[in-house]
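Keep the structure open while reading.

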Amino acid sequence: MPPTRLPIAHIVNPRSVAVIGASEDVGKFGGRVIHYLIRHGFPGRLLPINPSRPTIRGLPAYPGIAAAPGPVDVAILAVPAAALLREIEACAAAGVGACIVITGKLADAGPDGAALEAQVREVAAAGGMRLVGPNCLGIFNVTDRAMLSSSLALEVERVKPGGIGMVSQSGALMGALVSLGHRHGAGFSRCISVGNQADLELCDFLDYLIEDPATHVITLYIEGLKDPARLAPLLRRARAAGKPVLCVKAGRSEAGAQAARSHTASLAGSHAAFAAVCREAGAVLLDDPAIMVLAADMLDRQPPLPRPGMGVAVVASSGGSTVTTTDMLAGFGLRTARMGPATRAEMARWMPASHVHLPLDTGSFHDNTSETALAGCLRAFMADPDIGAVLVPMTTQPAMAQRAALLPPLAREGGRPLLYVMMAGEVGDAARAAMQAADFPYCDHVAQALAVLRALEAEAEGRDRHALPPPQRPPGASPLEGPLPEGRGGGALTEAETKRLVAAYGLPVTRETEVASEAEAVAAAEAIGFPVVLKGVSRAVVHKSDLGLVRLGLGDAAALREAFAALQAAPVTLEGVLVQEMARGEAELILGARHEPGLGPLVLVGTGGVLVEVLRDVQLAPAPLRPEDAMAMLRRLGLWPVLAGVRGRPPLDVAAAAEALVRLSWLAADLGPQLVELDLNPLLLRAEGQGCIAVDARATLQPADTEGAT
């Protein structure tokens with residue numbers, strides 16, 4: 001592409017804008033674009049393009065872009081698809097810097113539309129002209145009053161400026177989220193709808209927002225990435241710049257995903273991989289776009305959580321709301337705070353000793369709901385080392401607006417987030433207005449507030465993770481020298497080949513010998529020591545036990561001969577038979593690794609065994625790992641209480657499991673795209689201090705020159 005005329009900063013904040021398809025009719029896209037530019041006070045030159053009108057909204061109109069006085073920084077195209085290519089060619093010839101293409105029904109509408117979009121992209125590229133869209137709703141530059149959009153979200157008198165930046169692949173959703181934020185008093189810097197991303201893509205605008213001084217918090221709505229490998233480095237850059245990134249990724253369901261040969265492939269689908277990459281890079285991945293905006297508003301207008309893992313203090317004048325809110329905390333991964341002595345002493349000044357606890361019901365104050373008592377307790381909560389946030393659900397009561405107005409100054413003084421929830425319907429509008437007047441965020445439902453708190457917790461976790469040193473390679477986990485095992489049958493390795501691969505990185509594996517005859521099997525078993533396990537070797541079989549290819553606990557030569565004969569009669573061609581030591585442990589884990597195109601190497605740990613895909617108790621993270629990362633993954637498992645020791649059972653060797661996971665992560669990082677997938681299932685975990693051992697394994701490799709398509 002020739003050098004572009006405009007950097008993104010000048011596309012977002014143009015000096016001159018031409019509206020192609022401009023109209024007086026606000027029922028048309030072009031009519032709304034010109035209307036909103038004027039309504040919101042665009043300070044630059046505005047050039048309506050319409051061959052049928054001499055003026056539009058009091059401005060001179062031009063029959064085509066070639067007739068408009070230049071230079072034109074940005075042209076907004078709201079024309080039918082049939083006219084789009086002609087107008088793009090005219091813009092390129094006129095030297096327009098960039099086009100925002102609202103026109104839809106291109107690549108989003110099938111092969112013919114995709115062909116047209118490709119032509120549009122080629123013409124723009126040849127002229128050094130950038131494209132935003134097509135099939136987008138443009139840009140809200142709230143900071144500079146450049147509303148380059150036809151979205152009905154701009155129907156308000158004023159969009160409040162603030163620190164929330166947004167990049168969205170859905171224009172309509174972007175408009176809805178800005179409207180939601182407007183209702184709650186949130187302020188936005190720049191909101192960009194990227195549509196089909198024919199040229200400029202989501203990561204280009206994320207890059208811009210990281211450097212934008214007006215943006216303090218970044219929100220992303222993602223459907224697909226043109227270049228996924230760009231995302232994680234940008235997220236880490238945003239974290240280093242002190243700008244939290246919150247995102248929602250469409251397509252969480254794996255219903256349409258094709259499982260590959262291993263458990264890891266089916267458990268670590270593309271959305272799970274995306275979530276793991278976001279978490280490692282310090283971003284907050286959410287399910288609900290509305291929660292994304294409300295959490296971003298909290299981060300923009302209130303202090304963050306001081307650190308992850310702190311408790312929540314629930315305060316209300318209604319016993320019912322305090323109890324039900326507290327009951328809901330655990331469901332959002334939150335907990336009630338444990339008050340320190342100074343906090344208890346302050347509470348004891350205002351209420352009977354029997355009521356000095358959390359949650360706090362202000363109805364128990366000696367003088368009912370005194371403002372002085374409420375202020376004293378809130379100040380104590382804000383200073384308590386275990387209280388990370390205060391949650392104030394308000395039910396219908398007298399003087400709601402006055403009571404609400406007490407909270408913002410106390411929250412700002414305390415330096416901790418305070419989440420105010422107006423639980424009442426429209427009778428609470430005066431209290432909401434009081435919060436708006438105080439420039440203070442609020443929520444409408446307790447569940448909404450708790451989801452926001454969970455997002456703040458995730459943001460604090462990302463902050464802590466960013467402060468950790470980079471992963472260090474453990475001793476004895478050096479990159480492999482020489483050729484890798486030759487995986488035949490679609491790149492599949494046998495169990496023995498896979499175990500040799502992981503053993504080279506220091507992972508413990510069973511003693512075993514591959515044999516071709518009954519006599520060799522008996523000799524191998526005697527060398528290993530009875531009891532042993534016998535396994536049929538076939539690259540074509542994923543789950544050997546389903547076909548009777550695994551025989552356990554063979555205690556003598558006679559049992560081994562009988563099992564060997566049974567394997568030979570199995571309904572599958574065997575490459576050999578594996579004689580293996582009979583290992584035992586207290587719990588079964590699965591360790592896995594794979595390479596996700598565009599996102600890189602990933603490792604997985606979870607509850608192992610034959611029910612692994614039923615239980616789906618797994619954690620995923622990008623490779624390589626720190627020991628702290630591996631231990632955190634284990635702690636997040638549903639199996640963790642068993643691993644830590646439950647109901648009198650001894651704790652298991654979680655340190656050995658964490659080390660094995662770290663070593664596997666370096667193998668995955670070193671192999672890169674060559675490693676399609678790898679399973680160690682089960683990895684038997686023994687009692688604390690006794691280690692772990694991989695008893696079954698399989699992997700699929702691909703040639704070293706494979707690029708790993710994005």
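In helix 20, which spans residues 518-528, the buried residues are A521, V522, A524, A525 and I528. The model is a predicted one.

What does the other face of helix 20 carry? Turned away from the buried side are the exposed residues A519, E526 and A527. The buried residues of helix 20 pack against three strands and a helix: strand 20 (512-515), strand 21 (532-537), strand 23 (576-581) and helix 21 (557-568). Just after helix 20 comes G529, with a positive phi of about 105°.

Leaving aside neighbours within four places in sequence, V572 is in contact with S538, V541 and L549. One of these residues, V541, is 31 residues from V572 along the chain, and the C-alpha atoms of the two are separated by 8.5 Å.

## L456 in helix 17

L456 is placed in helix 17, residues 446-466. Is L456 buried or exposed? Its relative accessible area is 2%, and the limit for a buried residue is under 20%, so L456 counts as buried.

Which residues does L456 touch, leaving aside its neighbours within four places in sequence? They are A295, M298, L299, L305 and P417. The pair L456 and L305 shows how distance along the chain and distance in space can be set side by side: the two are 151 residues apart in sequence, and their C-alpha atoms are 6.5 Å apart.

## S149 in a loop

S149 belongs to the loop that runs between strand 9 (146-148) and strand 10 (161-168). This serine has 0% relative accessibility and therefore counts as buried.

A polar atom of the S149 side chain lies 3.0 Å from the backbone nitrogen of S151. Beyond its neighbours within four places in sequence, S149 is in contact with R32, V33, Y36, L137, G138, I139, F140 and L154.

N135 is not a glycine, yet its phi is positive, at about 60°. N135 is found in the loop between strand 7 (130-132) and strand 8 (139-141). With 32% relative accessibility, N135 counts as partly exposed.

Q197 is another residue other than glycine with a positive phi, here near 55°. The loop that holds Q197 runs between strand 11 (188-193) and helix 6 (202-211). Q197 has a relative accessible area of 4% and so is buried.

## Two cis peptide bonds

Where are the prolines that follow a cis peptide bond? The bond from G70 to P71 is cis, with omega near -5°, and P71 is found in the loop between strand 4 (59-60) and strand 5 (74-77). The bond from N681 to P682 is also cis, with omega near 5°. P682 is found in strand 27, residues 675-685.

## The chain as a whole

How many helices and strands are there in the chain? There are 25 helices and 29 strands. Taken along the principal axes, the C-alpha atoms fill a box of roughly 100 × 75 × 40 Å. The chain has 710 residues, of which 56% count as buried.

Among contacts with a separation of 6 or more, 72% join residues 24 or more positions apart. The pair L456 and L305, 151 residues apart in sequence, can be looked at with this figure in mind.

The chain exposes about 27,700 Å², and carbon and sulfur atoms supply 55% of this area. As for charge, there are 62 positive and 72 negative side chains, and the centres of the two sets lie 4 Å apart.

Technical notes:
Residues numbered from 1 in each chain as written. Predicted model: local features only at pLDDT ≥ 70, side-chain atom pairs only at ≥ 80, totals over all residues. Heavy atoms only, no water. Helix = DSSP H or I, 4+ residues; strand = E, 2+ residues; numbered from the N terminus. Buried < 20%, exposed > 50% of the residue type's maximum accessible area, 1.4 Å probe, protein only. Polar contact = N/O pair within 3.5 Å; in protein donor to acceptor, adjacent residues only side chain to side chain. Contact = heavy atoms within 4.5 Å. Areas by Shrake-Rupley, 256 points an atom, 1.4 Å probe, with all protein chains shown as cover. Lys, Arg positive; Asp, Glu negative; His and termini not counted. Charge placed at Lys NZ, Arg CZ, Asp CG, Glu CD.
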